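Dear colleague,

I am handing over the structure below, and I would be glad if you kept it open while you read the notes that follow.

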Amino acid sequence: MTALKLALEIIVVILSCLLTLLILMHRGKGGGLSDMFGGGLTQNAGTSGVAEKNLNRWTVIIALLWVAIIIALGLMTKFDLV
């Protein structure tokens, strides 16, 4: 079980770096507090290309995998399966 825990921890580190890069690749949607209150309505908020949609999908998939592995590691530690 120790090898499994080590493998999952390595995967979490890799997914964390990948998730950080994916998040940083997203296009900025706002310019500050003024956009929060309606100041940035002149921008095209609803339009995104195929690349942006695929980037969103990959970000969500990687994030869900990351969360699932974190939960699995926590359960393994809690129930002394490692």
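Of the 82 residues in the protein, 16% are buried, where buried means under 20% relative accessible area, exposed means over 50%, and partly exposed covers what lies in between (1.4 Å probe, protein chains only). Please keep in mind that this is a predicted model, in which local features need pLDDT of at least 70 and side-chain atom pairs count only at pLDDT 80 or more, while totals for chains, interfaces and linings use all residues. Residues are numbered from 1 along each chain as its sequence is written, and side-chain values use heavy atoms, with hydrogens and water left out.

The secondary structure comes to three helices and zero strands, and along the sequence the pattern reads α-α-α; here helices (H or I, at least four residues) and strands (E, at least two) are DSSP runs, numbered from the N terminus. Among contacts between residues at least 6 apart in sequence, 86% join residues at least 24 apart, a contact being heavy atoms within 4.5 Å.

Helix α1 takes in residues 2–25, and its 24 residues reach 35 Å from the first C-alpha to the last, close to the 34 Å expected at 1.5 Å a residue (the expected span is 1.5 Å times one less than the number of residues). Helix α3, which runs over 50–78, has 29 residues and reaches 42 Å between its first and last C-alpha, close to the 42 Å expected. Just after α3, D80 takes a positive phi of about 50°.

How do these two helices lie against each other? The axes of α1 and α3 come within 9 Å and cross at roughly 150°, where axes are lines fitted to C-alpha atoms, for helices over the stretch in contact, and angles run from 0 to 180 degrees between N-to-C directions. That angle makes α1 roughly antiparallel to α3, since angles over 145 degrees count as roughly antiparallel, under 35 as roughly parallel, 65 to 115 as roughly perpendicular and the rest as oblique. The crossing of α1 past α3 is left-handed, a term used if the near helix is turned anticlockwise from the far one by less than a right angle, with right-handed used if clockwise.

The buried residues of α1 are L8, V12, L15, L19 and L22, and what covers them includes α3. In α3 the buried residues are E52, L55, T59, I62, I69, L73 and M76, and their cover includes α1. An α-helix has 3.6 residues a turn, so residues three or four places apart point the same way.

T59, in helix α3, counts as buried because its relative accessibility is 12%, and, leaving aside residues up to four places away in sequence, T59 touches L19, L22, I23 and H26. E52, also in helix α3, is buried with a relative accessible area of 11%, and its C-alpha lies 8.0 Å from that of R27, although E52 and R27 are 25 residues apart in sequence. E9, in helix α1, counts as partly exposed at 34% relative accessibility, and the C-alpha atoms of E9 and I70, 61 residues apart along the chain, are separated by 8.6 Å.

Finally, the unreviewed UniProt entry places the feature "transmembrane region" at residues 6–24 and 58–76; UniProt positions are given in the numbering used here, feature names are shortened, and annotations may be inferred rather than shown by experiment. In the model, residues 6–24 are 100% helix and 0% strand, with end C-alpha atoms 27 Å apart, and residues 58–76 are likewise 100% helix and 0% strand, with end C-alpha atoms 27 Å apart.

With kind regards
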